[in-house]
Amino acid sequence: MAIAEAVERKPDPLKDLIAEDGKSLFACRPSESRGRIYDEPPSKTRSDFQRDRDRIIHCRAFRRLKHKTQVFVSNEGDHYRTRLTHSIEVAQVARSFARSLHLDEDLAETCALAHDLGHTPFAHVGEDALKECMEPYRGFDHNDQTLRVVTKLEKRYPRFDGLNLTWESLEGLVKHNGPVLKCGMKPTNLEVTLNELKDQADLKLETFASAEAQAAGIADDVAYNSHDLDDGLSAGFFNLDDLSDVPMVGEIVHKTRKAFPDCPERILRAEVIREVMGHIFMDVLSESRSRLADLSPKSVEDIRNASQPVITFSDDLKQADKALRAFLFDRFYLNEQLSRIRMTCVKAVKDLFYAFFENDRCLPYLWRVELQNIPEGWNEIDWRARVVADYIAGMTDRKALTEHKSMFDIYRGLE
């Protein structure tokens, strides 16, 4: 069941929570935004959340996602997902959730499109390698790096660094996994960029994010579960029969084979993926409607101050999701072929970090200039490491491999 067809025509349990403008009482509204860190006149043609979305789409970090790994290194095939196509798929699912729950679609899309801007080359193995390198120098986290990209590293405007997104968009990026602060935690426990930002914007770190941000967060799970199945099947790491014992997915494979007994395997795979995605989507929608009906929130603050997330999987699907992830780790993510490639990627990231850290003259000119701009509260060594990490984290897979070859191929240019 495709997502576009998945929303059943049943009475909406949230109908009493819909305002005159067609949105839920608990939806974010751009007219009620808490504003931006740097004041700007409003756009003549777009809402504030639409403007945020457009700034994401037009920034360099978003374009670089085209050549950043999702699971496969980006040069391994034309049809496997990259960080860019993953982000687009997440945005589509997030908008579908927002539309079904009468939320602000533009804010949900903004959070979805921006959520991976801080990812390193080579996906999580690249992040793990950079995190290890940065451990003595205040650490590294791709979620914090996303915040760093949109508040500091993108330099496109004369009056401020970053993209100057609205408070609601920043909140969505910071809290997409839930509250950042728990009872008793102090701000010094926060990641580097968030710790620096806390004096400029109080993002209410002890509360949940808006329903729109939660929709984007769960859309990430929906998208990668389905497209990693698709990529793993397409690459031949496993087949439909191998999925027969995986909860939820195995039942869908069986029903699909029964419904289309003469269907070519390639098309059958696509049908299974659609059914899996539709099933997960409907589960989240049903569970979210139930939680929202029970909570009966009258404002976005009621969502933020709730005792649990309102956009999420049911308990049954959480178990099925856990089993599916275990299968994918065993048969896909930790596959021998991919594991060997990842070893090379880890070495490339570490080699580059220590080369630039120890020989900063190897950095491009603008990054060497940045080394001299040591912010208040930083020492020279930590700042040097941070600038190197910023440079490497922004690289595409292709750029990282090219840089590594140019620096470590001892015969390059000497033949």
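Predicted model: local features only at pLDDT ≥ 70, side-chain atom pairs only at ≥ 80, totals over all residues.
User: OK, at what angle do α15 and α17 pack?

Analyst: Helix α15 (residues 336–358) and helix α17 (residues 380–393) pack at about 135°, and their axes are 10 Å apart. Axes here are lines fitted to C-alpha atoms, for helices over the stretch in contact, and the angles run from 0 to 180 degrees between N-to-C directions. Helices are DSSP runs of H or I with at least four residues, strands are runs of E with at least two, and both are numbered from the N terminus.

User: So is α15 parallel or oblique to α17?

Analyst: That angle makes α15 oblique to α17, since angles under 35 degrees count as roughly parallel, over 145 as roughly antiparallel, 65 to 115 as roughly perpendicular and the rest as oblique.

User: Staying on α17, is D390 buried or exposed?

Analyst: D390, which is found in helix α17, is buried, with a relative accessible area of 5%. Buried means under 20% relative accessible area, exposed means over 50%, and partly exposed is in between, using a 1.4 Å probe and protein chains only. Not counting residues up to four places away in sequence, D390 touches Q145, R148, L153 and W367.

User: And what covers the buried residues of α6?

Analyst: The cover includes α4 (83–100), α7 (142–153), α15 and α17, and the buried residues of α6 are A123, V125, G126, E127, A129, L130, C133 and M134.

User: What should the span of α6 be?

Analyst: The 12 residues of helix α6 (residues 123–134) should span 16 Å at 1.5 Å a residue, and the end C-alpha atoms are 17 Å apart, which agrees. The expected span is 1.5 Å times one less than the number of residues in the helix.

User: Switching topic, how do α11 and α12 cross?

Analyst: Helix α11 (residues 249–259) packs on helix α12 (residues 265–295) at an angle of about 130°, with the axes 9 Å apart, and the two helices are therefore oblique to each other. The crossing is right-handed. In the contact, α11 supplies V249, I252, V253, T256 and R257, and α12 supplies E265, L268, E271, V272, E275, V276 and H279. Sorted by class, the contact of α11 with α12 has 6 nonpolar, 2 polar and 4 charged residues.

User: What does V284 touch?

Analyst: V284 lies in helix α12 and is buried, with a relative accessible area of 0%. Leaving aside neighbours within four places in sequence, V284 is in contact with F97, I218, I311, T312 and F313.

User: Last one: which residue other than glycine has a positive phi near 55°, and where is it?

Analyst: That is K204, with a phi near 55°, and its place is in the loop between α9 (192–197) and α10 (211–235). At 30% relative accessibility, K204 counts as partly exposed. H102, in the loop between α4 and α5, also has a positive phi, of about 60°, although it is not a glycine. For background, most residues other than glycine have a negative phi.

Notes. Residues numbered from 1 in each chain as written. Heavy atoms only, no water. Contact = heavy atoms within 4.5 Å. Left-handed = near helix turned anticlockwise from the far one by under 90°. Nonpolar A, V, L, I, M, F, W, Y, C, P; charged D, E, K, R; others polar.
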